[in-house]
Amino acid sequence: MGHHIFDLLRAALVHYGYWAVAAALLLENAGVPVPGETVLLLASFLAYRERDLQLGWIIVAGIVAASLGDNLGYAIGQSGGRPLLERHRRIFHVSDAALARGEKLFRDYGAATILFARFVFGMRIIAGPLAGVLHMPWKKFVVFNLLGATLWVTVISFVGYSFGSRWNVLMHFIKRFDLALGAAFVVIAVFLWWRSRRSQG
């Protein structure tokens with residue numbers, strides 16, 4: 001991450017505190033590609049380094065905002081349907097392959113996809129709207145959404161806090177983690193496609 005971007009995010013967190021964390025996670029989970037994960041990491045990092053923010057309140061704000069954001073995305077997807085999802089995909093440059101993988105995972109694994117999708121940047125953005133478009137039962141969505149938000153926010157916050165001054169090491173770790181999870185999703189999607197083709201043959 002560039003030094004100037006780090007300074008901008010740090011300034012936002014210093015001036016707006018938990019509101020900056022909440023806004024970033026709300027927008028990201030509603031379907032807007034903002035760096036919510038990076039903001040959450042940096043806020044936890046600052047809680048360790050400067051003590052202006054408290055880790056416990058970061059986690060609370062993050063869980064509430066991420067849960068509300070996904071529910072907002074769900075409502076938008078359900079009311080706007082596929083045409084709105086297609087416009088969203090073009091505006092934010094979501095690839096056809098990412099959307100197809102997401103749909104396949106939702107159909108095969110249902111609401112459990114919501115829980116694990118948060119740990120992958122591309123899936124985290126489209127999970128809420130896509131669940132609404134596919135008419136996932138809302139009560140089931142709420143349960144898995146809250147579980148996923150709690151797990152994701154808590155893990156990422158403790159990772160940021162634990163790394164303390166080692167920010168560059170942290171960002172390298174997160175990039176490798178995202179790549180590994182992305183690769184896992186691709187492997188799963190290919191396996192499911194192969195299995196469906198084999199069953200049709």
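1. Is Arg118 buried or exposed? In this predicted model, Arg118 is buried, with a relative accessible area of 1%. This value falls below the cut-off of 20% that is used for burial.

2. Arg118 forms a salt bridge through its side chain with the side chain of Asp70, at a distance of 3.0 Å from N to O. Asp70 is likewise buried, and its relative accessible area is 2%. By the rule applied, the count of salt bridges comes to 1.

3. The two partners lie in distant parts of the chain, 48 residues apart. Asp70 belongs to helix α4, whereas Arg118 sits in the loop between α6 (112-117) and α7 (121-133).

4. The largest nonpolar core contains 29 residues. Leu13, Val21, Leu25, Leu40, Trp152 and Val153 have the most contacts inside this core. At least two of its residues come from each of α1 (3-16), α2 (18-30), α3 (36-49), α4 (55-91) and α8 (138-163). Helix α3 provides the largest share, with 8 residues.

5. Which residues is Leu25 in contact with, leaving aside its neighbours within four places in sequence? They are Gly36, Glu37, Leu40, Gly62, Ala65, Ala66, Trp152 and Val153. Of these, Leu40, Trp152 and Val153 are also listed with Leu25 among the residues with the most contacts inside the largest core.

Conventions. Residues are numbered from 1 along each chain as its sequence is written. This is a predicted model: local features need pLDDT of at least 70, side-chain atom pairs count only at pLDDT 80 or more; totals for chains, interfaces and linings use all residues. Side-chain values use heavy atoms; hydrogens and water are left out. A nonpolar core is a set of buried Ala, Val, Leu, Ile, Met, Phe, Trp, Tyr and Cys residues joined through side-chain atoms within 4.5 Å. Buried means under 20% relative accessible area, exposed over 50%, partly exposed in between (1.4 Å probe, protein chains only). Helices (H or I, at least four residues) and strands (E, at least two) are DSSP runs, numbered from the N terminus. Contact means heavy atoms within 4.5 Å. A salt bridge is a side-chain nitrogen of Lys or Arg within 4 Å of a carboxyl oxygen of Asp or Glu.
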